[in-house]
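Subject: Structure handover

Hello,

Here is the structure I promised to pass on. My notes on it follow below.

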Amino acid sequence: TKRREQVTIVSIGHVDHGKSTLIGRLLADTNSLPEGKLEAIKAYCEKNAKVFEYAFLLDALKEEQAQGITIDAARCFFKTDKRDYLIIDAPGHFEFVKNMITGASRADASIIVIDAKEGIRENTKRHGYLLSILGIANVCVAVNKMDLVNYEEKIFRSLQEEYTGFLSSVGITEVSFIPISARNGENIVHRSENLRWFSGRTLLEEIEQWKLEDESPKKDFRLFVQDVYKFTEGQDERRIIAGTIDYGEIHVGDRVVFSPSGKKSHIETIEIFPHSLERAYAGQSIGLTISDNFYYVSPGELLSKEGEKEPYVSKRFLAHVFWIENAPLLVNKPYQAKIGTQNVVLRITNIQKVIDSTDPQNITNKDKLERYDIGVCVIENTKPVVFDAGKDFKKTARFVIINEYHISGCGIILEPLEDKFVSL
Ligand code: GDP
């Protein structure tokens, strides 16, 4: 049997605009709740003279999940005949941004919830802007609480116009807007008589038609060397190169290039313990042996294939930097960082602009990044490093800035700087 597809959706929106209610509704209306859960919460509310709220469902699920572990976001599952869904509610969204930039989390899609009565708030904009930086492909906007505005089309349309304008200013186009009432369950799974003027898809229909395209296997080959293990085979000391394929595929016999060293070799064997394979694909963690038993191979090198697009090798690059630590990031101060599996020391030599994430049109000039600022920064490393540009190869364009043992900032490389970068 084919494995069921799972779509990860991040739900965002200003507090009280109805995110939890919406998620509760989606779970309930797709019959995805644990047996008896809905009834139990309704009974509890009745007993305690509380009015039942769909948002309670989420609270209850959160509480269950939190037993014994700390979580920063609730994770809810629902499923349809077609596939499985995971909704991540990202209230502490800076944590979410950090996880997305560093690649710890992935999201395929996002639902932005806007309260029809309250309209667009700062957070709604900030979230939209962040989505654009993170490059989340599928975005839809649920205009909620339509019941509070008499289901008026005019209100919906004007919100749509305003927010579409904003989203397109940050590069997010092709966004569906759906008028809903999460509380009443209108246009979520079931259509609503009150919203007859709306001929578009319901929220669930919208979600169901999202296309997940993992382009990773189709792209040019990339593998960051994670570890190099020595082993002896008869008299020979051999090396096995371990790493996870970020992009593309590799076959036994392929010619490969190591960057930044520039050395070349070809693949002798591919192992996924305990098997030897002819080829491997993006997403697989593999061991490789190469034809020459070179000793130059060390963790941090990036493998690509000869004849395909090679990564950049340069000391300088331009990047989006998202700063998390309390103490500000200072220009010209050296920081420890990791690009893929490379350990580097870098400095921000120039901050071209600091984006106020609440209003991307509002660009300020500062010589430091304060907590939660996003800067477009010129970065210089102490030696040439290898990387890709984020628009093509997100996974190999990421870096984290590390202070002691925690992440103080993270970023996505936009492009190499100087035409001096070493060509291989
Ligand atoms: P969150 O902070 O975004 O998760 O918001 P909640 O889901 O907790 O909802 C905030 C409040 O708005 C609650 O009192 C909900 O009952 C209410 N609410 C949510 N959706 C709707 C809706 O469609 N119509 C109305 N009238 N109230 C809603």
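Does Asp16 count as buried or partly exposed, and how many C-beta neighbours does Asp16 have inside 10 Å? Asp16 counts as partly exposed, because it has 14 C-beta neighbours inside 10 Å. The scale behind this: buried is 20 or more other C-beta atoms within 10 Å of a residue's own, exposed is 12 or fewer, and partly exposed is in between, with C-beta atoms placed from the backbone.

Two points on reading the model. It is predicted, so local features need pLDDT of at least 70 and side-chain atom pairs count only at pLDDT 80 or more, while totals for chains, interfaces and linings use all residues. Residues are numbered from 1 along each chain as its sequence is written.

Most residues other than glycine have a negative phi, and most peptide bonds are trans. Asp16 has a positive phi, near 75°. Asp16 is found in the loop between strand E1 (6-13) and helix H1. Helices (H or I, at least four residues) and strands (E, at least two) are DSSP runs, numbered from the N terminus.

Lys145 is not a glycine either, and its phi is positive at about 60°. Lys145 sits in the loop between strand E5 (138-144) and helix H6 (153-169). Lys145 counts as buried because it has 23 C-beta neighbours inside 10 Å.

There are cis peptide bonds to look at too. From Ser259 to Pro260 the bond is cis, with omega near 10°. Pro260 lies in the loop between E11 and E12. From Phe273 to Pro274 the bond is cis as well, with omega near 5°. Pro274 lies in the loop between E12 and strand E13 (275-277).

Strands around E11 and E16

Start with E11 (residues 255-259). Four of its five residues are buried, so E11 is largely enclosed by the rest of the structure. E11 runs antiparallel to E12 (residues 264-272), and three bridges join them. Strands pair here if DSSP finds at least two bridges between them. Val257 has Lys264 as its bridge partner in E12. The hairpin of E11 and E12 has four residues between the strands, and Gly262 there takes a positive phi near 85°.

E11 also runs antiparallel to E16, joined by four bridges. Phe258 has Leu303 as its bridge partner in E16. Val257 stands opposite Ser304.

Then E16 itself (residues 302-305). Leu302 and Ser304 point one way, Leu303 and Lys305 the other, and all are buried. E16 pairs with strand E7 (residues 222-224) too, antiparallel, over two bridges. There, Leu223 has Leu303 as its bridge partner.

The ligand

Which residues are closest to the ligand? They are Gly18, Lys19, Ser20, Thr21 and Arg183, out of 17 that surround it. A residue is near a molecule if its C-beta atom, placed from the backbone, lies within 6 Å of it. Helix H1 (residues 19-29) gives the largest share of this shell, three residues. By class, the shell has four nonpolar, seven polar and six charged residues. Ala, Val, Leu, Ile, Met, Phe, Trp, Tyr, Cys and Pro count as nonpolar, Asp, Glu, Lys and Arg as charged, and the others, Gly among them, as polar.

The core

The largest nonpolar core has 107 residues. Such a core is a set of buried Ala, Val, Leu, Ile, Met, Phe, Trp, Tyr and Cys residues joined through C-beta atoms within 7 Å. Those with the most contacts inside it are Ala142, Val143, Ile180, Phe322 and Phe387.

Best wishes
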